[in-house]
Amino acid sequence: MSRFETLLVEEIPALRRYARALLCGDLSEADDLVQECLARAVSRRKLWIGHRGIRPWLFTILHNIFVNDLRRQVNSRFFETPDDYAQSIASEQDADLLCAVSDFEKALQQLSADQREVLLLVGLEQMSYKEISKITGAPVGTVMSRLSRAREQLCKCLDGEIKIASIKRVK
Amino acid sequence: MNHRNKIVTDNDLQKFVDGELSEAQARLIAEIIAGDETLKKKLHEYREINRRLLEIFVEKHPEPLPARFLIAVSGRNRLPLSRVAVSALWLLVGGLIGYALQGQLDSDEFVRPLPVEAAFAHAVYVPEVRHPVEVNAAEHEHLNAWLSKRLDRPIAAPDLREAGYALIGGRLLPDANRPAAQFMFEDTKGKRITLYIRHGIDARASSFSYAESNGLGIVYWVDNGLAYALTAAADKTALTEAAQIVYREVNP
């Protein structure tokens with residue numbers, strides 16, 4: 001294995017963890033995303049500048065694939081049928097997937113994709129605002145406002161938990 | 001600096017939590033937060049969010065890496081078509097087995113769900129070079145007559161040239177003790193699409209549904225007592241367009 005390949009393999013667990021969090025725990029979709037990211041990294045290895053850490057480069061590739069996939073999903077959301085009452089079994093599966101997770105995870109799923117992305121890069125991957133700005137292509141100010149909105153939503157969820165806990169205690 | 005006049009904004013608090021401040025700035029903010037209950041609560045919540053993210057997503061017992069990642073890293077992921085098809089078949093066997101069992105539980109006889117059956121038939125016959133079909137498109141009329149007789153319903157290969165696919169031919173297949181039919185089509189680049197038809201044991205007339213597994217997309221529906229499934233390594237939009245042509249051909 002070359003040095004490049006070794007570095008890539010070392011980053012797989014981090015990419016996988018991030019992809020799973022980003023896609024709200026959809027394991028197979030997350031693995032597809034990681035695989036696509038690795039394949040692109042291999043085909044574009046000449047574009048990697050060795051002195052820069054490989055992780056931000058890989059996360060940038062992953063971000064781009066994720067954003068393109070999102071766009072494609074939005075475009076194909078309207079699934080037309082001859083008799084105009086389509087039912088996609090995929091959406092039913094998604095609904096099942098939403099069950100059996102904590103309120104916190106639900107709140108996380110309800111964040112917009114760009115808010116969730118920034119929150120995970122900060123909280124889970126411990127990246128700096130500057131690194132995140134490079135990965136997502138958004139200015140640092142935008143990174144911060146997305147982060148702030150994401151945290152605000154999740155704080156509401158935490159506040160809700162405290163309320164429920166105190167009601168239980170009163171009983 | 002007189003920190004009594006300093007107001008801690010949300011941005012300051014974020015930077016403080018995320019380690020984006022210089023040591024001096026952080027010390028100042030920490031002092032102000034210490035004397036402010038609202039800020040203290042917010043800080044606690046921000047830290048709690050980070051803690052939970054790590055708790056939920058950091059693996060306690062790292063899993064072994066799937067082989068497909070290592071293949072992707074080695075760059076040897078361009079397998080010959082036949083090998084891709086064979087591995088796709090095995091993945092389908094594994095990936096759809098739960099779905100198939102679900103179908104079994106729902107019915108008295110062993111009937112595999114339509115998309116599963118269609119995807120299996122697709123994966124088995126599409127890689128065939130010499131014998132993709134039993135009856136060739138040259139014997140188009142004989143093919144239709146034969147399949148109609150065996151399925152006991154009028155069956156005809158639809159014309160998919162509008163979608164860029166020409167008929168290769170068709171074959172008879174076993175399905176839940178009743179014969180089923182498969183038509184195969186090919187575009188100019190050799191990409192194949194199959195139409196699987198069986199008796200409509202699944203449901204009454206239904207709209208288009210979509211399933212996908214390992215790069216194969218399946219659009220399926222029930223119409224006039226027959227169940228149809230169109231399968232190809234194509235995206236949902238392209239498949240749906242082709243399915244609409246089939247639907248129009250069947251219902252002129």
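1. **Ground rules.** The model is predicted, so local features need pLDDT of at least 70 and side-chain atom pairs count only at pLDDT 80 or more, while totals for chains, interfaces and linings use all residues. Residues are numbered from 1 along each chain as its sequence is written, chains are lettered from A and ligands numbered from 1 in the order in which they are written, and side-chain values use heavy atoms, with hydrogens and water left out.

2. **What chain A is built from.** You'll find eight helices and zero strands in chain A; helices here are DSSP runs (H or I, at least four residues), strands are E runs of at least two, and both are numbered from the N terminus. Along the sequence, the pattern reads α-α-α-α-α-α-α-α.

3. Chain A has 171 residues, and 44% of them are buried (under 20% relative accessible area, with a 1.4 Å probe and protein chains only). Its accessible surface is about 9300 Å², with 52% belonging to carbon and sulfur atoms (Shrake-Rupley method, 1.4 Å probe).

4. **The largest core.** A nonpolar core is a set of buried Ala, Val, Leu, Ile, Met, Phe, Trp, Tyr and Cys residues joined through side-chain atoms within 4.5 Å. The largest one has 68 residues, and Leu8(A), Leu38(A) and Leu119(A) touch the most other members. Helix H1 (residues 3-22) of chain A gives the most to this core, namely nine residues.

5. **A look at Leu38(A).** Which residues does Leu38(A) contact, leaving aside neighbours within four places in sequence? In chain A, Leu38(A) is in contact (heavy atoms within 4.5 Å) with Leu8(A), Ile12(A) and Leu15(A), and in chain B with Phe69(B), Ala72(B) and Val73(B).

6. **Where the chains meet.** Contacts link 48 residues of chain A with 45 residues of chain B. The size of an interface is often given as the accessible area lost when the parts come together. Here the buried area is about 4100 Å², and carbon and sulfur atoms give 63% of it (accessible area lost, 1.4 Å probe, summed over both parts).

7. **Charges across the interface.** Two salt bridges run between chain A and chain B (a side-chain nitrogen of Lys or Arg within 4 Å of a carboxyl oxygen of Asp or Glu). Asp159(A) pairs with Lys41(B) in a salt bridge, the closest N and O atoms being 3.3 Å apart. As for helices, H8(A) gives the most to the side of chain A that touches chain B, with nine residues.

Conventions. Buried < 20%, exposed > 50% of the residue type's maximum accessible area, 1.4 Å probe, protein only. Buried area = accessible area lost by both parts, 1.4 Å probe.
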